[in-house]
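Q: I would like to learn how to read chain contacts and metal sites in a model like this one. Could you walk me through them?

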Amino acid sequence: MHTSPAKLLILIALSLVILVEGRTVLAFFGINIPPLETALIGLVIIATLVIWAIRPLRGSPTKSE
Amino acid sequence: MTALFVDEYPAEARLVKAAFLSSFIAFGIGALFGIIQALHRTDIFRFIDSIKYYTVLTGHGVFLVIAFTIFFLVGLYQWAVTDSLERGPVDIRFTWFWYGLMAIGSFLAAISILAGFLEQPPMVLGAELRANVLFTFYAPLEANPLYYIGLALFLVGTWLAGIDWFRTWWAWRDENPGERIPLRTFMVLTTMMMFFLGSVGVIVSILVFILPWSLEITESLNPLLTRTLFWFFGHMIVYFWLLPAYLLWYSVLPKLSGGRLFSDPLARVVFILFVLLSTPVGIHHQYMDPGIAEGFKFIAMTNTMFLLLPSFLTAFTVVASMEHGARQRGGEGRFNWLQALPWRNPAFTGMALAGLVFAFGGFTGIVNAGMNINYLVHNALWIPGHIHAQVGTATALTLMAGSYWLVPQLTGNRLVGRQVALFQVVLWFVGIVFMTNSMFRAGLVGVPRRTAEPQYQGFEYDVPVGSMGELNAQLALGGTLLFISAMLFLVLMLLTVFNNDSEPIVDGTLPPALSGPEDSPQVLDNLRLWFGIAFALVVLAYALPLAGIVAQSGLFGQDIPPFPVSSEAVMYLEFGLDYVGALVT
Amino acid sequence: MRIHQYEKIWIAGAMILIVGFIVTITYGSVGLGITMIGDEEETIAPDELNDDEQFGEPRVEQVGENEYAAYVVAQTFIFQPDPIEIPANNEITFYVTSRDVIHGFYVPGTNINAMAIPGQVAELTVEFDEPGEHGLICHEYCGSGHHTMEGLIVVQSEDEFDLTELSAETPDTVAPGEQIQLNATVENGQLEPLETTVNAEIGDQTFQQDLTVDGKSTQNVTFTADSTQLGVGEHDWTVTVDDYEETGTVEVVSNETDEQAGGDES
Ligand code: HEM
Ligand SMILES: [Cu+2]
Ligand SMILES: [Cu+2]
C-alpha cells in the first residue's frame with residue numbers, strides 16, 4: 001500500500017472535485033470537455049489512483065522485486 | 001482520559017441530546033425535501049404537483065436553516081458553556097423552558113407547513129392551515145397565523161437561551177472574579193449578542209406587522225418595510241448558522257489535528273468583528289429593491305466587504321492550527337505535513353473538507369456582494385449554489401463531523417461505523433460540489449431559483465457550454481449523493497445512540513491555545529463596549545433607510561391586503577381576472 | 001496582543017484585497033455610470049394603479065429622442081403589457097410595479113433584474129443592441145402559479161418599430177341612401193411626425209389618403225361610401241395603415257325593419 005484507504009478515498013474525492021470545477025474553469029477559456037469524456041477521465045483518474053495506491057511498495061518486505 | 005461530558009454533567013447532556021434530536025429530525029425531513037426539489041425542478045422525476053413544490057420548498061428552508069441549524073446551535077452552545085465554565089445553568093428548569101418554547105414553536109410552524117400537503121386543510125385561527133410562503137415569508141403573501149406564531153415562539157426561545165447562558169456566565173464570574181472569559185463561552189456570548197441585535201428586525205416584523213395583519217387586527221402593511229426588517233435579521237442569521245461551525249473549527253478542529261489553537265486573542269477578535277459587522281449589511285440582499293436609495297446599498301456593500309476580514313483571519317488560524325497539529329504528529333515539509341493529518345478520523349476530515357468548501361463558497365459570496373455583478377445572479381440558481389456551499393456544507397458538514405466527536409461524549413456510546421462515517425463526509429463533499437457547480441452554472445445562464453418548473457414557453461436558456469440537460473443531470477446527481485450521505489449520517493447517529501454497552505473512544509479534553517488569553521488585551525472581554533459599538537453601527541446603517549421607507553408609504557403601507565397562498569390555483573386566477581376586468585372597464 | 005509575523009502579513013494582504021474589491025465594485029458601478037435601482041420613483045398604492053396616468057394603461061411610450069419609457073405591471077401571474085415591444089439601440093427605462101404581492105422582473109442571462117414590490121416603482125434603464133426576442137420571467141416566488149409567470153420582450157429594429165395605433169369604426173347598420181361613414185383614427189405615440197398612407201375598403205369600394213400625424217397626437221380620417229351603391233346586405237370593411245389593420249362589417253338594412261343604428265366597432 002502506498003497510502004492508507006482513508007487517504008485514497010480523499011484523494012479520489014479531491015480529484016473528482018478538481019475535475020468538475022476544472023472543467024468549468026476550462027470552459028471559461030473556451031476549452032469544452034463533453035460530459036461523457038469528463039466521466040471517462042474521472043474513471044481513468046480513479047483507476048490510476050487505486051492502482052497506484054495498492055501497488056506494492058518498492059522494497060517492501062512482503063514482496064521482492 | 002478525563003470524565004465524559006455525560007458523566008460529569010448528566011442533566012446538561014440530556015438537554016444537549018434533546019436539542020440534537022430535534023435538529024436531526026429536521027435535518028432528515030429537510031434532506032428528503034431537498035432531493036424532491038432537485039428531481040422536480042430539473043424535470044427528472046416529478047411525483048408531486050408543482051403547486052406542492054412550494055410546500056416542500058418552505059419546509060426545506062424552515063427545517064434546515066431554522067430548525068436543523070439553530071437546534072444544533074443551542075445544543076452545541078449549551079455543551080460549550082457548561083464544559084468551558086465547568087458549571088451548569090443557574091436553573092436548569094429555565095433551560096428546559098426555552099428548549100420547550102423552541103420545540104413548540106418549531107412544531108407549530110412545521111404543522112402549518114406540512115398541512116400544505118392536505119387536500120382539505122383544516123381551518124385554524126380563522127384561516128386555512130397553510131404556510132406556502134417560504135422561509136422568508138415576504139408579505140403580502142400570507143400564511144396561517146400559526147406559522148408566524150410558531151416562528152415567533154422559536155425566536156423567543158432562542159433569545160431566552162442566550163439570556164440563560166449570560167446568566168450562567170454572570171454566576172461564574174461571581175465565583176471566579178478577575179478571570180478571563182473562557183474562549184468557548186466568549187464565542188457563545190458574542191454570538192448571542194449578535195443574535196439579540198440582529199433578530200430585533202424579524203421579531204418586530206412578525207409581532208408588530210405580519211402577525212396582527214394575518215389575524216386581521218391590522219388591515220394593511222408596508223411590504224418593503226417587512227422585507228427590509230427581514231433582511232435586517234437575514235444576514236445576521238447566516239452568521240448565526242456559521243458561528244457554531246467556527247466554534248468547532250476554533251476549539252475542536254485544532255485538537256483533532258493533533259495540536260492546539262494557534263491564537264486565542266485572534267479568535268476573540270474574529271467573533272467581535274462578527275458582532276460589529278454582521279447586521280449592518282442586510283441591505284445587500286436588497287440591491288434590486290426599489291425604495292432604498294443607492295447610497296444605503298453602497299454602505300451595505302462596503303460593510304459586507306469588511307465582513308470578509310474575520311473569515312480571512314479564520315482561514316489563517318485554522319490552517320495554522322492544523323499545520324501545528326500535523327507537525328506535532330511528525331509531519332514535515334512545506335506541504336507534506338498535510339499527509340500527517342488524521343484523515344481517518346471522520347470528525348477531522350469532515351471539518352477540514354467543510355472549511356475547504358467554505359473558502360470556495362466565500363468567493364461566490366464576494367460575487368453576490370458586488371452591487372453590479374449581483375444584477376446577474378440575484379434570485380438565480382447561483383444563490384442556492386452559494387447557500388449550499390456555505391450553510392449547506394460549511395455549517396452542515398461541520399455539524400455532522402462535530403457530531404461524530406460529540407455524540408459519543410453525550411451518550412457514553414462508541415461511534416458506530418467509523419469508516420462509514422468517513423465515507424459519509426467525503427460523499428457529502430463530492431455531492432455538494434456536483435450540485436453547487438451545476439447551480440452556479442445554471443444561475444449564470446439565468447435559471448431562476450425558487451421555481452417548481454424553471455422551463456418556460458417563450459424562450460430557451462442560452463447555455464454556452466454543455467446543455468441544460470447536462471446541468472440538470474449533474475444537479476440531480478449531486479442532490480442524490482447528498483441525500484444518501486444525509487441518510488447515512490442519520491443511521492450512524494441512530495445506531496450510536498443504541499450502541500449502549502460500548503465505551504466511547506474519544507478524548508473530550510480541549511488543550512488551551514498556543515497563544516492564550518493572557519496575550520489578549522482585556523478590552524476584548526468588554527462585551528458592553530462591543531455591543532454598544534455594534535448597536536451604533538446598526539443605527540447608522542439602518543435608521544435612514546427605514547425612516548425613508550416609512551416616510552414613503554407609511555408604517556402600515558397603502559392598503560395592502562393579505563394574499564393567502566392557497567394550493568388552489570383557481571383563487572389566483574380569480575384575483576387575476578378581477579384585475580384584468582377592472583382594467584378593461 | 002501578540003500577533004505572529006505571518007499573521008500580520010496575512011491581515012495586511014486581506015485588507016488590501018478587501019479595499020481592492022470595494023474600489024473595483026465602486027468603479028464598476030458608479031465609475032462606469034451604471035445606475036442602480038434606487039428610490040427615485042414616487043410610491044403608488046396598488047389599488048390606485050387603474051387610475052394612474054402611467055400604470056392605468058401599462059405601455060411603452062416615447063419620452064425623448066431615442067428614449068422610451070415602459071410602464072410594466074406585474075401581478076399574479078402575468079406581466080402587462082405582454083409582449084413588451086421596444087426598439088433596438090434606444091434607451092428604454094422600465095418602470096415596474098406590482099399590483100398584489102412581490103414579484104420579480106428578470107430577463108434570464110442578462111443584468112435586467114429588479115423586484116416589483118407593491119407600492120414601489122422600480123426604475124431601470126437598458127438598451128438592446130440587436131433586434132430579437134427575450135424571455136421575461138418572474139423570479140421572486142409569488143404564489144402557486146409562480147412558475148407560469150412569464151412575459152416576452154420583443155426588440156424590433158429601429159425602422160420597424162413604431163408606436164402607431166389604429167382604430168376604426170362605422171355604424172353597425174345604415175339605411176339605404178344614407179352615407180356610410182368610416183372613421184379611422186391614427187395615433188402616433190412617437191415624437192417624430194408619422195407620414196403614412198391610409199388605405200380603406202368598404203365592400204368593393206377602395207379609398208386612399210396620405211396622412212401626416214404629428215408626434216404624440218392623433219388624426220382622424222373619414223371615408224364615405226354610398227350605401228345605395230353597395231346595396232342591401234352586409235359589407236366588410238378594412239382599414240390599413242402600415243402593418244396595422246382594422247376590419248368590421250356594416251349592414252345596409254331597408255327602412256321597414258326598425259332596427260337601431262349605432263354601436264361601435266373597434
Ligand atoms: C439533501 C441534500 C440537499 C439537497 C438535495 C438540496 C437541494 C436544494 C435545491 C434543489 C434547492 C433549490 C430550490 C429552488 O430554489 O427551487 C435548495 C434550496 C435551499 N436549500 Fe437545499 N438541499 C440540500 C441540503 C440543504 C442543507 C443541508 C441546507 C442547509 C442547512 C439547505 C439549505 C437550503 C436553502 C436555505 C435553500 C433556499 C430555500 C429558498 O429559496 O427558500 N439545503 N436545496
Ligand atoms: Cu447576506
Ligand atoms: Cu413569481
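A: Gladly! Keep in mind that this is a predicted model. Let us begin with chain B and chain A, where the rule finds one salt bridge across the interface.

Q: Which residues form that salt bridge between chain B and chain A?

A: The general idea is that side chains of opposite charge can pair when their charged atoms come close. Here B:E470 pairs with A:R23, and their closest N and O atoms are 2.8 Å apart. Across this interface of chain B and chain A there are also four residue pairs in polar contact.

Q: Which elements of chain B give two or more residues to the side that touches chain A?

A: They are α12 (346–369), α15 (418–444) and α16 (468–497) of chain B. Of these, α15(B) gives the most, with 10 residues. Sorted by class, the side of chain B that touches chain A has 12 nonpolar, four polar and three charged residues.

Q: How many residues does each chain bring to that contact, and what area do chain B and chain A bury?

A: Chain B brings 19 residues and chain A brings 16 residues. Between them they bury about 1,600 Å², with 78% of it on carbon and sulfur atoms.

Q: Which of the two pairs of chains in contact shares the most contacts?

A: That is chains B and C. Their contact takes 83 residues from chain B and 67 residues from chain C. About 6,400 Å² is buried between chain B and chain C, 68% of it on carbon and sulfur atoms. As for chain A and chain C, they do not touch, and their nearest C-alpha atoms are 16 Å apart.

Q: How many salt bridges and polar contacts does the interface of chain B and chain C hold?

A: The rule finds two salt bridges across the interface of chain B and chain C. One of them joins the side chains of C:E140 and B:R450, at 3.5 Å from N to O. The count of residue pairs in polar contact between chain B and chain C is 19. On the side of chain B that touches chain C, helix α18 (residues 569–584) of chain B gives the most, with eight residues. That side divides into 53 nonpolar, 21 polar and nine charged residues.

Q: Now the metals, please. Which protein atoms are donors to the copper ion (ligand 3)?

A: C:E140 turns up again here: its O atom is a donor, along with C:C138 (SG), C:C142 (SG) and C:H146 (ND1), at 2.1 to 2.7 Å from the copper ion. Along the chain these donors follow the spacing C-x1-E-x1-C-x3-H.

Q: Why is the arrangement around the copper ion (ligand 3) called irregular?

A: Start from the ideal: four tetrahedral donors have angles of 109.5 degrees. The arrangement around the copper ion (ligand 3) is irregular because its four donor atoms subtend angles of 82 to 127 degrees, and the tetrahedral label needs all angles between 85 and 135 degrees.

Q: What is the geometry at the iron atom of ligand 1?

A: For six octahedral donors the ideal angles are 90 or 180 degrees. The iron atom of ligand 1 has six donor atoms with angles of 88 to 179 degrees among them, and the site is octahedral. Its protein donors are B:H60 (NE2) and B:H388 (NE2), 1.9 to 2.0 Å from the iron atom. This pair links distant parts of the chain, 328 residues apart: B:H60 lies in helix α3 (residues 50–85) of chain B and B:H388 in helix α14 (residues 382–411) of chain B.

Key: Residues numbered from 1 in each chain as written. Chains lettered and ligands numbered in written order. Predicted model: local features only at pLDDT ≥ 70, side-chain atom pairs only at ≥ 80, totals over all residues. Heavy atoms only, no water. Contact = heavy atoms within 4.5 Å. Buried area = accessible area lost by both parts, 1.4 Å probe. Salt bridge = Lys/Arg side-chain N within 4 Å of Asp/Glu carboxyl O. Polar contact = N/O pair within 3.5 Å; in protein donor to acceptor, adjacent residues only side chain to side chain. Helix = DSSP H or I, 4+ residues; strand = E, 2+ residues; numbered from the N terminus. Nonpolar A, V, L, I, M, F, W, Y, C, P; charged D, E, K, R; others polar. Donors = N, O, S within 2.8 Å, 3.2 Å for Na, K, Ca; no water. Tetrahedral: all angles 85-135°; square planar, octahedral: opposite > 155°, others 65-115°.
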